Amino acid sequence: AEFALSLLIIPAFYWTYLTYNMGGTPGKRMMGLRVITNSNQPLTYGRIFYRETFGRFVSTIFLGLGYI
């Protein structure tokens, strides 16, 4: 159970940390993409964490899109 939980927590913090500090994960940066807010406000850990966890969960599980 602890191992399965770590498979969820570690990537979430990885995505959050890199997006906050670099504007995106290495894959996003290689593609020339940067995560910004629509109102040009500074990114916050909470907003990024929500985006990277809930957004991935919804797009992958509920919509069945996964990673295109």
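Author: Asn40 sits in the loop between helix 2 and helix 3. A helix here is a DSSP run of H or I with at least four residues, a strand is a run of E with at least two, and both are numbered from the N terminus. The model is predicted, and local features need pLDDT of at least 70, side-chain atom pairs pLDDT 80 or more, while totals for chains, interfaces and linings use all residues. Residues are numbered from 1 along each chain as its sequence is written, and side-chain values use heavy atoms, with hydrogens and water left out.

The phi of Asn40 is positive, near 60°, in a residue other than glycine. Most residues other than glycine have a negative phi. Asn40 counts as exposed because its relative accessible area is 68%; exposed means over 50%, buried under 20%, and partly exposed in between, with a 1.4 Å probe and protein chains only. Another positive phi, near 85°, belongs to Gly23, which follows helix 1.

The loop of Asn40 leads from helix 2 to helix 3. Helix 3 covers residues 45-62 and helix 2 covers 26-30. The 18 residues of helix 3 reach 24 Å from first C-alpha to last, close to the 26 Å expected at 1.5 Å a residue; the expected span is 1.5 Å times one less than the number of residues. Ile48, Glu52 and Arg56 are buried in helix 3. These buried residues pack against helix 1 and helix 2, where contact means heavy atoms within 4.5 Å. In an α-helix there are 3.6 residues a turn, so residues three or four places apart point the same way.

Helix 1 runs over residues 2-22. Its 21 residues should span 30 Å, and its end C-alpha atoms lie 29 Å apart, which agrees. Ala12, Thr16, Leu18 and Thr19 are its buried residues, and their cover includes helix 2 and helix 3. Thr19 is buried because its relative accessible area is 0%. Beyond its neighbours within four places in sequence, Thr19 is in contact with Gly24, Thr25, Val35, Leu43, Ile48 and Glu52. Of these, Ile48 and Glu52 are among the buried residues of helix 3. A polar atom of the Thr19 side chain also lies 2.7 Å from the backbone oxygen of Trp15.

On the surface, Leu5, Leu8, Ile9, Phe13 and Phe49 form a nonpolar patch with about 490 Å² of accessible area together. Such a patch joins nonpolar side chains (Val, Leu, Ile, Met, Phe, Trp, Tyr) within 5 Å, from residues with over 30% relative accessible area and no salt bridge; a salt bridge is a side-chain nitrogen of Lys or Arg within 4 Å of a carboxyl oxygen of Asp or Glu. Accessible areas follow the Shrake-Rupley method with a 1.4 Å probe. Helix 1 gives the most to the patch, with four residues. Phe49 lies in helix 3 and counts as partly exposed because its relative accessible area is 33%.

Over the whole protein there are three helices and zero strands, in the pattern α-α-α along the sequence. The C-alpha trace spans about 40 × 25 × 25 Å along its principal axes. Of the 68 residues, 21% are buried.

Definitions and conventions. A polar contact is a pair of N or O atoms within 3.5 Å; within protein, one must be able to donate a hydrogen and the other to accept it, and residues adjacent in sequence count only if both atoms are side-chain atoms. Patches are made of residues with over 30% relative accessible area and no salt bridge: like charges are joined within 9 Å, nonpolar side chains (Val, Leu, Ile, Met, Phe, Trp, Tyr) within 5 Å.
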